[in-house]
Amino acid sequence: MIQVLEKIDDKIDLISMKNDNIEVVVSNFGCTIVKVLMKDKDGNIDDVVLGYDDFSSYSTLDAYLGALVGRIANRIKRGKFSLNDKEYTLAVNNVPNHLHGGIKGFSYQVFDYEIKDENTIEFHYISKDGEEGYPGTLDFKAIYTLNDDTLNVHYLASCDQDTIINITNHSYFNLSGKKENIYNHKLTLKADKFACVDNDGLPTGEFRNVEGTPFDFNAGALIGDRVEVDYDQLIAGAGFDHPFIFSASENQAILEHKESGRRLTVTTTLPGAQIYTANYLDGRLGKYGQHYYKRDAVCIETQNLPDAIHLEEEPTTILKKGQIYDETTSYKFEVIR
Ligand code: BGC
């Protein structure tokens with residue numbers, strides 16, 4: 001069942017998507033996932049994503065809790081890129097680079113929406129030519145469907161000019177319901193390679209095999225056993241804040257918390273994900289009066305390679321006029337006994 005829970009103001013709503021397994025609360029402000037309420041192995045319900053009780057924090061604070069990120073997630077080197085021999089300048093909002101779509105990217109925009117049926121909400125936004133410096137008028141849709149224990153997020157876009165796009169969702173997961181940090185969360189990633197980053201979080205162009213490094217999550221490992229290891233790339237990222245390149249086409253990321261019996265399985269059509277261990281959460285006030293610190297959550301930000309426009313010979317983030325950007329990521333929230 002889908003229903004409007006609350007009107008934040010005349011444009012922004014909180015909407016509940018609910019079935020017997022799970023309740024997901026979303027907003028048309030940034031297509032934000034505000035709550036994911038699920039049972040543990042004993043039937044107790046907790047919220048397994050970070051967010052804010054004070055809704056204004058979504059527009060004033062910068063960590064993108066639960067938000068859809070666009071037009072380009074992650075960084076673009078020095079906020080500049082060329083497309084069809086024309087140079088474009090974007091906001092340098094994460095000095096010295098552009099981050100997460102700029103000052104007022106998709107995370108901060110109000111989307112139109114329509115409740116399509118008892119499981120589906122379709123969000124719609126027209127991003128004007130030149131918005132945040134990006135070329136072309138982009139017609140964008142995000143379709144959220146809740147089926148049993150799975151939230152399916154489908155992104156569709158087209159543009160009246162050649163442009164670039166790389167959409168993600170920036171949910172911060174903590175399957176304990178934030179009763180503890182993520183050290184006891186087991187992460188499995190089907191990824192043989194990761195991209196190295198510099199001290200500003202920008203991919204350097206070097207790719208490393210995960211084998212023999214703290215980045216090898218193929219067999220699953222507790223985040224706490226890895227994230228503080230003395231390893232050059234963990235120092236550069238202040239923890240995990242890296243693009244992993246997937247080597248499988250489904251169930252690419254699995255997060256498990258043994259004590260609660262909760263498991264999240266992420267499947268995506270996208271080629272990789274930024275794994276971010278909330279390295280820069282600074283004690284801000286979040287939901288239920290709790291304060292959020294580093295390692296209190298992990299983000300699994302499915303996406304194309306960050307800064308692809310500079311790093312790839314044929315950048316996968318280019319969307320040509322007339323083409324359709326069509327990507328899906330699903331999040332399955334299960335209880336395992
Ligand atoms: C970035 C981090 C950044 C965070 C919040 C992540 O996707 O990689 O470096 O601090 O988003 O903006």
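Modeller: A residue is near a molecule if one of its heavy atoms lies within 4 Å of it. This is a predicted model, in which local features need pLDDT of at least 70 and side-chain atom pairs count only at pLDDT 80 or more, while totals for chains, interfaces and linings use all residues. Residues are numbered from 1 along each chain as its sequence is written, and side-chain values use heavy atoms, with hydrogens and water left out.

Colleague: How many residues surround the ligand, and which are the closest?

Modeller: The ligand is surrounded by 13 residues, of which Arg75, His100, His170, Asp241 and Glu301 are the closest. This shell comprises six nonpolar, three polar and four charged residues (Ala, Val, Leu, Ile, Met, Phe, Trp, Tyr, Cys and Pro count as nonpolar, Asp, Glu, Lys and Arg as charged, and the others, Gly among them, as polar).

Colleague: How far is a ligand oxygen atom from the side chain of Asp241?

Modeller: An oxygen atom of the ligand lies 2.5 Å from a side-chain N or O atom of Asp241. For Glu301 the corresponding distance is 2.6 Å, and for Tyr276 it is 3.4 Å. The protein buries 93% of the 310 Å² that the ligand exposes when taken alone (Shrake-Rupley method, 1.4 Å probe).

Colleague: Where does the ligand sit?

Modeller: The ligand sits in the largest pocket, meaning that more than half of its atoms lie within 2 Å of the grid points. On a 1 Å grid over the protein atoms alone, a pocket is an open set with protein on both sides within 12 Å along at least five of seven lines; a cavity is a set of points where a 1.4 Å probe fits but cannot get out, and lining residues have an atom within 4 Å of a point. The volume of the largest pocket is about 530 Å³. Among its 30 lining residues, Asp62, Tyr64, Arg75, Asn94 and Leu99 are the closest to its centre. By class, the lining has 12 nonpolar, 12 polar and six charged residues.

Colleague: On to cavities: how many are there of 30 Å³ or more?

Modeller: There are two cavities of 30 Å³ or more. The largest cavity has a volume of about 80 Å³, and its lining includes Phe29, Tyr52, Tyr64 and Tyr108. That lining has nine nonpolar, three polar and no charged residues.

Colleague: And what lines the second largest cavity?

Modeller: Its lining residues include Ile72, Arg75, Asn166 and Asp307, and the space amounts to about 40 Å³.

How values were computed. A polar contact is a pair of N or O atoms within 3.5 Å; within protein, one must be able to donate a hydrogen and the other to accept it, and residues adjacent in sequence count only if both atoms are side-chain atoms. Grid points are joined across faces, edges and corners, and a volume is the space filled by probe spheres set on the points.
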